Amino acid sequence: MALLVVGSVAFDAVETPFGKCEKMLGGSAAHFSISASFFTHVQIVGVVGGDFAAEDKQILDAHDIDTSDLECVPDGKTFRWYGRYDYDLNVAHTLNTELNVFAEFKPKLSEKSKSARLVFLGNIQPDLQREVREQVTGAELVALDTMNLWIENTRESLLRTIKGVDVVIINDAEARQLTGVPNLIKAAREILSWGPKALIVKRGEYGAALFTKKSYFAIPAYPLESVFDPTGAGDTFAGGFMGYLSSQQTLDDAAMRRAMIFGSVMASFNVEEFGTARVQRLTHAEINERFRAFKQMTHFEEIPFERAVPATK
Ligand code: AMP
């Protein structure tokens, strides 16, 4: 009863106002699976090239991530993403993308992957996301992420993929771009009208919101004084969210709300260092401590207000 993820496994080169890293393990599936591995058993479907070294794979192995469906093309090169962040760390600027082995990728799922209970369709070409979705017929919950590139270039395919999932997890700019509606609440209603049961809108340093047809739930981001590298924060959020849900028997509204907090907790650690470095060495005690901090930060008591004394000047 595992959690399956399809997405990019990449080498990222990232520049932020605080530093630069020429090459580090990244990609939606890598960030997602390392984060989710703290909660559940994860399987990756993806592709890497011959340059994906034993020490890169070791990072996934160390988190007990099942890579038997992570295809390796020995004479190909791993997907590469070059990005930059300015002082507004909520906006990633793509400098270059080298698809490499991703250009010819055809997801092949083993019987084990096909029987996954939960599925995350990480940020890749929407036709590929759909190919995976259609092979996991018995999944209880399927979630999807995407990005501006696919909204711009493959909109029709993306809309078809969205129709077949239960949860959409995107950021606020993507929700607006996808619908052409500037108001986020209206944009959310529109996306939900296409079929998904829930929509999560990630808002970077401003937190995240969960929309369903009947309810709305919003949380702040964990207040960090130094954000170092936001790369992968979205996928790390999704990993915490889906990983926690995967550990639960009942996937109801209350579980989704707790999963939102675990997603935010994991994302808050991710941004403290380059790439997956901080999340790699997390402990369950640290995760639980930050979960409790979230509870405290958002707690208030309901005391009915009555004005006993009329206001005087
Ligand atoms: P995010 O969680 O949104 O910050 O995602 C960052 C990750 O997305 C990076 O580690 C990149 O390797 C990966 N990425 C960037 N562009 C693409 C793309 N076009 N297709 C797949 N993955 C990508």
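1. Strand 10 and strand 11 (residues 198–202) run parallel and are joined by 5 bridges. Strands here are DSSP E runs of at least two residues, helices are H or I runs of at least four, and both are numbered from the N terminus. Two strands pair if DSSP finds at least two bridges between them.

2. Before going on, keep in mind that this is a predicted model, where local features need pLDDT of at least 70, side-chain atom pairs count only at pLDDT 80 or more, and totals for chains, interfaces and linings use all residues. Residues are numbered from 1 along each chain as its sequence is written, and side-chain values use heavy atoms, with hydrogens and water left out.

3. On to another neighbour of strand 10: strand 9 (residues 141–144) runs parallel to it, with 2 bridges joining them. Look for Leu144, which stands opposite Val168 in strand 10. Buried means under 20% relative accessible area, exposed over 50%, and partly exposed in between (1.4 Å probe, protein chains only).

4. Now find the ligand. It is surrounded by 18 residues, and the closest include Ser8, Asp12 and Asp235; a residue is near if one of its heavy atoms lies within 4 Å. The shell splits into 8 nonpolar, 8 polar and 2 charged residues. Nonpolar covers Ala, Val, Leu, Ile, Met, Phe, Trp, Tyr, Cys and Pro; charged covers Asp, Glu, Lys and Arg; the others, Gly among them, are polar. Helix 9 gives the most to this shell, with 3 residues.

5. A side-chain N or O atom of Asp12 is 2.4 Å from an oxygen atom of the ligand, and a polar side-chain atom of Asp235 lies 2.7 Å from a ligand oxygen. The protein covers 87% of the 510 Å² of accessible area that the ligand has on its own, with areas from the Shrake-Rupley method and a 1.4 Å probe.

6. Finally, the rings. There are 13 aromatic pairs in the structure. One of them, Phe18 with Tyr87, is edge-to-face, at 6.4 Å centre to centre and 85° between the planes. Rings of Phe, Tyr and Trp (its six-membered ring) pair if their centres lie within 6.5 Å; planes under 30 degrees apart are stacked, over 60 edge-to-face, and the rest tilted. Phe18 counts as partly exposed at 43% relative accessibility, while Tyr87 counts as exposed at 68%.

Key
Polar contact = N/O pair within 3.5 Å; in protein donor to acceptor, adjacent residues only side chain to side chain.
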